[in-house]
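Work through the exercises below with the model open. Try each task before you read its solution.

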Amino acid sequence: MSLLKYEQIAEDLRTRIANGEFGPGNLLPSGRDLAEQWSVSRATVVKAYDVLRNDGLVVARQGAGFTVVETPIARPAGGRRAGSSRVSGGAPYRRLGIPDRTVPPARVADALGLKPGEQALRRLRLVLLDDGTPHSLVTAWFPPSVADAAPRLAMKGPIAEGTTHYVRRQTGRSPVEGVDLTTVRLATEDEAQLLEVEQPAAVAVVLHTAFDQDHQALVCEEGITASHVFEQIDNYPMR
């Protein structure tokens, strides 16, 4: 399916940001310049920037236009419903360690459809509350088919455009179905230290798996949140 004009503009800007043409805090092309370049109306350019703003990639600066965000945002695991944006529920985060390949826990391996002993690429982040204290420890696991095709996943530091968009550009695969499994247990010693809670401490564990159109797993995220900050709200119709 071909992209609409505003989607093409958004993807072009996303790629230019990802390639380093525009860095954190840099001013992006004006609406007038983009409208002339793409032979579209200013309204079309505004829609393109709205897409990038909803993804948490750009921010509006009054009187200056749009700039690339200086503080990347991320979401806790789960809740990736259709139509939800990265800004929705997003928060600043800290990347932990360097991505590596290792054998994941059994339930992650099952979710990814891995063979016994097969490794996956692991990326860790600590999602923060507004006051800078920890909210959620998230471990993202990518199967070899995704990790091999998307080499930047193995690099230290955030991916400004977001891993979902980057993986789609590299593989042509997009998430069409998500499964979230929530359980409760006690935190391990390492988890308690990172989440800054005293043991024994209860944590909620959300295992989120995203599948593509062929029901092949793209990523499995395990989000661990201390009980005193965990909250889940579902809105649904009743008849």
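Predicted model: local features only at pLDDT ≥ 70, side-chain atom pairs only at ≥ 80, totals over all residues.

## Exercise 1: Bridges across the chain

Task: State which parts of the chain are tied together by D100 and R122. Then do likewise for E222 and R107.

Solution. 
- Step 1. D100 and R122 form a salt bridge, with N and O 2.7 Å apart.
- Step 2. D100 belongs to strand β4 (residues 91-102) and R122 to strand β5 (residues 120-128), so the pair ties together parts 22 residues apart in sequence. Helices (H or I, at least four residues) and strands (E, at least two) are DSSP runs, numbered from the N terminus.
- Step 3. Check accessibility. D100 has 28% and is partly exposed; R122 has 25% and is partly exposed too.
- Step 4. In the salt bridge of E222 with R107, the closest N and O atoms are 3.3 Å apart.
- Step 5. E222 is in strand β9 and R107 in helix α4 (residues 106-112), so this pair links distant parts of the chain, 115 residues apart.
- Step 6. E222 counts as buried, at 14% relative accessibility. R107 is partly exposed, at 30%.

## Exercise 2: An aromatic pair

Task: Classify the ring pair of Y49 and F66.

Solution. 
- Step 1. Recall the rule: rings of Phe, Tyr and Trp (its six-membered ring) pair if their centres lie within 6.5 Å; planes under 30 degrees apart count as stacked, over 60 as edge-to-face and the rest as tilted.
- Step 2. The count by this rule is 1 aromatic pair.
- Step 3. The ring centres of Y49 and F66 are 4.3 Å apart and the planes stand at 10°, so the pair is stacked.
- Step 4. Y49 sits in helix α3 (residues 42-54) and F66 in strand β2 (residues 65-68), so the pair ties together parts 17 residues apart in sequence.
- Step 5. Both Y49 and F66 are buried.

## Exercise 3: The nonpolar core

Task: Which residues touch the most other members of the largest nonpolar core?

Solution. 
- Step 1. A nonpolar core is a set of buried Ala, Val, Leu, Ile, Met, Phe, Trp, Tyr and Cys residues joined through side-chain atoms within 4.5 Å.
- Step 2. The largest one has 19 residues, and I9, L28, Y49 and V58 touch the most other members.
- Step 3. At least two residues each come from α1, α2 (31-38), α3 and β2. α1 gives the most, with 5 residues.
- Step 4. Leaving aside neighbours within four places in sequence, I9 has contacts (heavy atoms within 4.5 Å) that include L34, W38 and V40.

Terms used. Residues numbered from 1 in each chain as written. Heavy atoms only, no water. Buried < 20%, exposed > 50% of the residue type's maximum accessible area, 1.4 Å probe, protein only. Salt bridge = Lys/Arg side-chain N within 4 Å of Asp/Glu carboxyl O.
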